[in-house]
Amino acid sequence: NDVVSMLRDVLSQSVAVNYKPGRSFDVKLNVLSNALACRELAWTPQIALRAGLERTVEWMRARPGAAA
């Protein structure tokens, strides 16, 4: 929901979200973190999530049909 909210803001428009019942093989819970990569690989992200979304939207807008 946080990413959807951020995407709505970046796009300056509504984003439809369709929640559907889970399927038997769906992952019940995702807890995503880059902490292990940061710690074990001395890696740090170079682009913030919002900036990455903005760049992706800009790229797709420059290429009509890219989102099809």
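Analyst: Arginine 39, with a relative accessibility of 58%, counts as exposed, where exposed stands for over 50% relative accessible area, buried for under 20%, and partly exposed for what lies in between, with a 1.4 Å probe and protein chains only. This is a predicted model, in which local features need pLDDT of at least 70 and side-chain atom pairs count only at pLDDT 80 or more, whereas totals for chains, interfaces and linings use all residues. Residues are numbered from 1 along each chain as its sequence is written, and side-chain values use heavy atoms, with hydrogens and water left out.

The partner of arginine 39 is glutamate 40, and their side chains meet in a salt bridge at 3.6 Å, N to O; the term denotes a side-chain nitrogen of Lys or Arg within 4 Å of a carboxyl oxygen of Asp or Glu. Glutamate 40 is exposed as well, at 55% relative accessible area. In general, side chains of opposite charge can pair when their charged atoms come close. The structure holds 4 salt bridges, and another of them joins the side chains of aspartate 26 and arginine 23, with a distance of 2.9 Å from N to O. In that pair, aspartate 26 is partly exposed at 26% relative accessible area, and arginine 23 is partly exposed at 49%.

A further salt bridge connects arginine 50 with glutamate 54, whose closest N and O atoms are 3.0 Å apart. The two residues stand 4 residues apart in helix α3 (residues 49–61), which means that about one helical turn separates arginine 50 from glutamate 54; helices here are DSSP runs of H or I with at least four residues, numbered from the N terminus. Arginine 50 is partly exposed, with a relative accessibility of 32%, and glutamate 54 is also partly exposed, with a value of 35%. The pair belongs to a network of salt bridges that links Asp9, Arg50 and Glu54. Aspartate 9 lies in helix α1 and is partly exposed, with a relative accessible area of 45%.

Leaving aside residues up to four places away in sequence, arginine 50 touches Met6, Asp9 and Val10, with contact taken as heavy atoms within 4.5 Å. For aspartate 9, in turn, the C-alpha atom is separated by 24 Å from that of asparagine 30, which is 21 residues away along the chain.

Two packed helices are described by the angle between their axes and the distance between the axes. For α1 (residues 2–11) and α3, the axes come within 10 Å and cross at roughly 50°; each axis is a line fitted to C-alpha atoms over the stretch in contact, and angles run from 0 to 180 degrees between N-to-C directions. The helices α1 and α3 are therefore oblique to each other, given that angles under 35 degrees count as roughly parallel, over 145 as roughly antiparallel, 65 to 115 as roughly perpendicular and the rest as oblique. The contact is made by Val3, Met6, Leu7, Asp9, Val10 and Leu11 on the α1 side, and by Leu49, Arg50, Leu53, Glu54, Val57 and Arg61 on the α3 side. By class, these residues comprise 8 nonpolar, no polar and 4 charged, where Ala, Val, Leu, Ile, Met, Phe, Trp, Tyr, Cys and Pro count as nonpolar, Asp, Glu, Lys and Arg as charged, and the others, Gly among them, as polar.

Serine 12 is placed in the loop between α1 and α2, has a positive phi of about 55° although it is not a glycine, and is exposed at 67% relative accessibility. Alanine 42, in the loop between α2 and α3, likewise is not a glycine and has a positive phi of about 55°. Proline 45 is found in the loop between α2 (35–41) and α3, is partly exposed at 42% relative accessibility, and touches Asn34 and Cys38 when residues up to four places away in sequence are not counted.
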